[in-house]
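Subject: Handing over the model

Hi,

I'm passing this one on to you, with some notes on what turned up in it. Have a look first, and then read on.

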Amino acid sequence: MVEIFQPKNPSAGKWLHALPVAALLAVVGLETATPDIRVTPSLMTIALGGLSLVLPPRVLAAWAVILFLPVLGSLLFVPVNGAPEAPAVIILRGTAYVFVAVMAYALSRHRVTRERQLNNLLALFDSLGTPIMVSDGDGVIKFANRACCTLLGHPLQEVREMSFFTLFAQPERRGKAIEHYLDLLASAPGTSADMMLATRNSGPSAIFSARCSVFQMDGRRLLVAQLEAGER
């Protein structure tokens, strides 16, 4: 969890579809370079497991069928040390590939479902009229909805590049602000407190009141701040 949460663009990451081609070429190259060892069945099985982490289910299923062809070709037609593979070994390694392919497809479907649920949840928070910001123990801003960016007067891209402390803590009060922030974050999950936040603009300071709550996710503490405009 290293960057701001936001709904994913479905068109992003299309270059990942080229990964199976790269894997296929790499394995065929290794098979050619190592005539004494049959590497295609094992490496294709490993590659398929890795592809399940990045490819959508339908694309993964199509490539699972395509990549099975060189696996069979290697087992049936590529002798090792002049001897063909034993039928029992062909059945065993082919079955192992099919089993991994089924598990990889299930993993890909589960991953896509979770991503879709997260995107829907983030889209819901992004559409709220209440300004909401989420930051972690280092002050890194993980999420800021549209209403929050509008209130702060910064576009989302700029908010991504800031931390909670550089955004709110004025230089002369930064130490106190960080101490207060860390004390609150060290509280038990569910703890809430009101904070007054001041931006560090060169001109008149912008003051915000924030209702901050401690939230724990995946073993990490997060601070959820609900902002309201104050004095300037």
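Which residues of H2 are buried? Before I answer, a bit of background: this is a predicted model, so local features need pLDDT of at least 70 and side-chain atom pairs count only at pLDDT 80 or more, while totals for chains, interfaces and linings use all residues. Residues are numbered from 1 along each chain as its sequence is written, and side-chain values use heavy atoms, with hydrogens and water left out.

Now the answer: Thr-40, Pro-41, Met-44, Thr-45, Ala-47, Leu-48 and Leu-51 are the buried residues of H2. They lie on the same side of H2, because they cover an arc of only 165° around the axis (the arc is that of the directions from the helix axis to the C-beta atoms). "Buried" here means under 20% relative accessible area, "exposed" means over 50%, and "partly exposed" is in between, with a 1.4 Å probe and protein chains only. The cover over those H2 residues includes helix H1 (19–33), helix H3 (57–77) and helix H4 (87–127).

The overall picture

The chain has 8 helices and 5 strands. Both are DSSP runs numbered from the N terminus, with at least four residues (H or I) for a helix and at least two (E) for a strand. Starting at the N terminus, the order is α-α-α-α-β-β-α-α-α-α-β-β-β. Of the 232 residues in the chain, 34% are buried. The accessible surface is about 13500 Å², and carbon and sulfur atoms account for 63% of that; these areas come from the Shrake-Rupley method with a 1.4 Å probe, and for residues only the protein chains shown count as cover. Looking at contacts between residues at least 6 apart in sequence, 58% join residues at least 24 apart, where a contact means heavy atoms within 4.5 Å.

The helices at the start

H1 has 15 residues and reaches 21 Å from its first C-alpha to its last, close to the 21 Å expected at 1.5 Å a residue (the expected span is 1.5 Å times one less than the number of residues). Its buried residues are Pro-20, Ala-23, Val-27 and Glu-31. Seen down the axis of H1, they fall within an arc of 65°, so they line one face of the helix. That buried set packs against H2 and H3, while Leu-25, Thr-32 and Ala-33 are exposed on the other side of H1.

Ser-74 lies in helix H3 and counts as buried, at 4% relative accessibility. Leaving aside neighbours within four places in sequence, Ser-74 is in contact with Glu-31, Arg-38, Thr-40 and Pro-41.

The hairpin

Strands E1 (residues 132–136) and E2 (residues 141–144) run antiparallel and are joined by 3 bridges; two strands pair if DSSP finds at least two bridges between them. Ser-135 stands opposite Ile-141 in E2. The hairpin has 4 residues between the strands, and Gly-139 takes a positive phi near 85° there.

H8 has 12 residues and reaches 16 Å from its first C-alpha to its last, close to the 16 Å expected at 1.5 Å a residue. In H8, Tyr-181, Leu-184 and Leu-185 are buried. These fall within an arc of 100° seen down the axis, so they line one face of H8. They pack against E1, H7, strand E3 (192–198), strand E4 (207–217) and strand E5 (220–229). Gly-175 and Lys-176 are exposed on the other side of H8.

Where is Arg-173? Arg-173 sits in the loop between helix H7 (164–168) and helix H8 (174–185). Arg-173 is exposed, with a relative accessible area of 57%. Arg-173 and Ala-198 are 25 residues apart along the chain, and their C-alpha atoms are separated by 9.7 Å.

Finally, the rings. Those of Phe, Tyr and Trp (its six-membered ring) pair if their centres lie within 6.5 Å, with planes under 30 degrees apart counted as stacked, over 60 as edge-to-face and the rest as tilted. By this rule there are 6 aromatic pairs. The rings of Phe-164 and Phe-165 have centres 6.3 Å apart and planes at 80°, so that pair is edge-to-face. Both Phe-164 and Phe-165 are buried. One aromatic cluster is formed by Phe-164, Phe-165, Phe-168, Tyr-181 and Phe-208.

Cheers
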